Amino acid sequence: METPHNVLDHRSPKQSIAALVAISKNGTIGKDGELPWRLSSDLRRFKKITMGGVLVMGRKTYDSIGRPLPGRTTIVMTRDPTWRCEGVQSAGNPEDAISIAGNRPTFIVGGAEIYRQLLPLCDQVFLTRVLTEIEGDTHLELDLCNFEVVKQQDHPPTDRDEYPTEFIEYRRKKRS
Ligand SMILES: NC(=O)c1ccc[n+]([C@@H]2O[C@H](COP(=O)([O-])OP(=O)(O)OC[C@H]3O[C@@H](n4cnc5c(N)ncnc54)[C@H](OP(=O)(O)O)[C@@H]3O)[C@@H](O)[C@H]2O)c1
């Protein structure tokens, strides 16, 4: 699905928008509505990066988390105008999600449907490469040719991580 061109018009000039994605070598990001791995270190990093900001997520990802995450504002994208959840704001389209986030640091946190539509708006991508091939039902083709690597770190698994990971921080190349 294409991101509507006018979404950029809804963006505040001071708004930073970043995506956080964890993806296996074969492009899997989800299975049965959940994450297909146990990676405590990555969850800690997610918390550290997003704390104090605004999370934009799809309704299915919100269902899998099941509650607003503390210390952050949660915006859930849904096409169901009757959808309500305490402590959460809903947005019926990408333009509304970006407008509601306003000047606050904004993090696009999935799932696949939301990444596909909102990645074109992101200035930064925090990518966790999960260094294994894993089966799942939610996949993503990530085209990061408009981004450059600014940081890269290998993370051997701790006893609370199922797989080794590589953490890569990307910044968008200047828009032409
Ligand atoms: N590995 C990772 O980094 C990562 C991160 C996040 C999630 N995940 C995984 O990804 C899977 C879920 O991904 P998914 O792609 O199936 O679902 P999703 O992107 O989380 O949510 C899809 C839902 O978002 C809403 N939506 C999508 N586009 C919209 C639009 N333009 N306007 C308004 N609402 C819109 C719709 O909700 P309604 O149906 O309510 O209308 C749609 O059904 C889960 O397994 C989850 O664990 C992985």
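User: Let's start with Arg59. Leaving aside its neighbours within four places in sequence, which residues is Arg59 in contact with?

Analyst: Once neighbours within four places are set aside, Arg59 has contacts with Val76, Met77, Thr78 and Trp83. Keep in mind that you're looking at a predicted model.

User: Where is Arg59 found? And is Arg59 buried, exposed or partly exposed?

Analyst: Look in helix α2 for Arg59. To judge burial, count the other C-beta atoms within 10 Å: 20 or more means buried, 12 or fewer means exposed, and anything in between is partly exposed. Arg59 has 18 such neighbours, so it lands in the partly exposed group.

User: What about Thr132: where is its place, and which residues is Thr132 in contact with?

Analyst: Thr132 is in the loop between β7 and β8. Beyond its neighbours within four places, its contacts are Ser24, Lys25 and Tyr163. Take Lys25: it is 107 residues from Thr132 along the chain, but the two C-alpha atoms are separated by 5.7 Å. Thr132 is partly exposed, with 15 other C-beta atoms within 10 Å.

User: Let's zoom out. How many helices and strands are in the chain, and what pattern does the chain follow?

Analyst: You'll find 4 helices and 10 strands. Going along the sequence, they come in the pattern β-β-α-β-α-β-β-α-β-α-β-β-β-β. The radius of gyration is 16 Å, close to the 16 Å that the globule rule gives for 176 residues, so the chain is as compact as a globular protein of that length. The C-alpha trace spans about 40 × 40 × 30 Å along its principal axes.

User: What share of the residues is buried, and what share of the contacts with a separation of 6 or more comes from residues 24 or more positions apart?

Analyst: Buried residues make up 30% of the 176. As for contacts with a separation of 6 or more, 72% are between residues 24 or more positions apart.

User: Which residues have the most contacts inside the largest nonpolar core?

Analyst: That core holds 35 residues, and the best connected inside it are Ala19, Val21, Val56, Ile108, Cys122 and Val125. The elements giving two or more residues to the core are β1, β3, β4, α3, β6, α4 and β7, and β1 gives the most, with 7. For a close-up, pick Ala19: leaving aside neighbours within four places, Ala19 is in contact with Ile108, Tyr115, Leu119, Cys122 and Val125.

User: How do I read a helix like α3? Which residues in α3 are buried?

Analyst: In α3, the buried ones are Pro94, Ala97, Ile98 and Ala101. Seen down the helix axis, they fall within an arc of 95 degrees, so they line one face of α3. Their cover includes β3, β4, β5, β6 and α4. Just after α3, Gly102 takes a positive phi of about 60 degrees.

User: What should I know about phi and peptide bonds in general?

Analyst: Most residues other than glycine have a negative phi, and most peptide bonds are trans. Now for Asp32: it isn't a glycine, but its phi is positive, about 50 degrees. Asp32 is in the loop between β2 and α1, and it is exposed, with 10 other C-beta atoms within 10 Å. Then look at the bond joining Gly110 and Gly111: it is cis, with omega about 0 degrees. Gly111 is in the loop between β6 and α4.

User: Last one: which residues come nearest to the ligand?

Analyst: Of the 28 residues around the ligand, Gly30, Gly58, Thr61, Gly110 and Gly111 come nearest. β1, β2, α2 and α4 each supply at least two residues of this shell. By type, the shell divides into 10 nonpolar, 12 polar and 6 charged residues.

Methods:
Residues numbered from 1 in each chain as written. Predicted model: local features only at pLDDT ≥ 70, side-chain atom pairs only at ≥ 80, totals over all residues. Near = placed C-beta within 6 Å. Nonpolar A, V, L, I, M, F, W, Y, C, P; charged D, E, K, R; others polar. Rg over C-alpha atoms; globule rule 2.2 N^0.38 Å. Contact = placed C-beta atoms within 7 Å. Core = buried A, V, L, I, M, F, W, Y, C linked by C-beta atoms within 7 Å. Arc of directions from axis to C-beta.
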